[in-house]
Amino acid sequence: MEQTLMMVKPDAVARNLVGRILARVEESGLRVIRLRMVHLQAQEARAFYRVHEGRPFLDALVAFMSSGPIVVGVLEGEDAIRRWRDLMGATDPAKAAEGTIRKDFAENIERNSVHGSDAPETAREEIAFHALSLGLRG
Ligand code: ATP
Ligand code: MG
């Protein structure tokens, strides 16, 4: 069993897409084992995306991710990290495969509706980052 961090980003929450995105998760067989709506402060969004320090899109990304509420969750299942990223689709919706969440819902490469951890180590770090919000012990 593997766990991964999911976020429904502000663009998708603002367009009433939370239910449809969670339905795709559940229909895939992944289990939603933690779930919370939070509104990140800019400094929290910057800390979450610190791996992108120095990238030209970081300031805009931080402003976007702290612009409104998001839904944070932990998904569990066999191969959960890869399965959730497959459901999400490519970062740029213009390049995302048919039937993926980003293909169907994302507005553009920044406002791309969902986040998923990309490896076991980042999944552990990202779940730990949101542990307090999710009611988990650090
Ligand atoms: P995420 O980490 O959010 O699941 P990802 O792993 O597909 O997405 P990353 O390369 O980690 O993509 O980028 C993190 C986020 O930064 C993207 O999801 C997107 O919101 C934003 N982003 C990435 N590249 C660009 C870009 N070239 N222009 C604008 N925003 C970008
Ligand atoms: Mg990423």
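I began with Asp118, which lies in the loop between β4 (114-116) and α7 (120-129). Helices here are DSSP runs of H or I with at least four residues, strands are runs of E with at least two, and both are numbered from the N terminus. This is a predicted model, where local features need pLDDT of at least 70, side-chain atom pairs count only at pLDDT 80 or more, and totals for chains, interfaces and linings use all residues. Residues are numbered from 1 along each chain as its sequence is written, chains are lettered from A and ligands numbered from 1 in the order in which they are written, and side-chain values use heavy atoms, with hydrogens and water left out.

**Entry 1: Asp118.** I looked up its cover, and Asp118 counts as exposed at 51% relative accessibility (exposed is over 50%, buried under 20%, partly exposed in between, with a 1.4 Å probe and protein chains only). I also checked Asp118 against Glu53: they are 65 residues apart along the chain, and their C-alpha atoms are separated by 17 Å.

**Entry 2: positive phi.** Asn16 is not a glycine, yet its phi is positive, about 60°. I found Asn16 in the loop between α1 (10-14) and α2 (18-27), and it is exposed, with a relative accessible area of 67%. Asp79 also has a positive phi of about 60° without being a glycine. Asp79 belongs to the loop between β3 (70-77) and α5 (80-88), and it is partly exposed at 35% relative accessible area.

**Entry 3: Pro10.** Buried or exposed, I wondered about Pro10? Pro10 is buried, with a relative accessible area of 7%. I placed Pro10 in helix α1. Gly68 is 58 residues from Pro10 in sequence, but the two are 5.3 Å apart in space, C-alpha to C-alpha.

**Entry 4: ligand 1.** Which residues come nearest to ligand 1? Of the 13 residues around it, they are Lys9, Thr91, Glu110, Asn112 and His115 (a residue is near if one of its heavy atoms lies within 4 Å). I sorted the shell around ligand 1 and got four nonpolar, five polar and four charged residues.

Next I looked up polar contacts, meaning pairs of N or O atoms within 3.5 Å. A backbone N or O atom of Glu110 is 2.9 Å from an oxygen atom of ligand 1. For Arg85, a polar side-chain atom lies 3.2 Å from a ligand 1 oxygen atom, and a side-chain N or O atom of Arg102 is 3.2 Å from an oxygen atom of ligand 1. Taken alone, ligand 1 exposes 570 Å², and the protein buries 80% of that (Shrake-Rupley method, 1.4 Å probe).

Key:
A polar contact is a pair of N or O atoms within 3.5 Å; within protein, one must be able to donate a hydrogen and the other to accept it, and residues adjacent in sequence count only if both atoms are side-chain atoms. Ala, Val, Leu, Ile, Met, Phe, Trp, Tyr, Cys and Pro count as nonpolar, Asp, Glu, Lys and Arg as charged, and the others, Gly among them, as polar.
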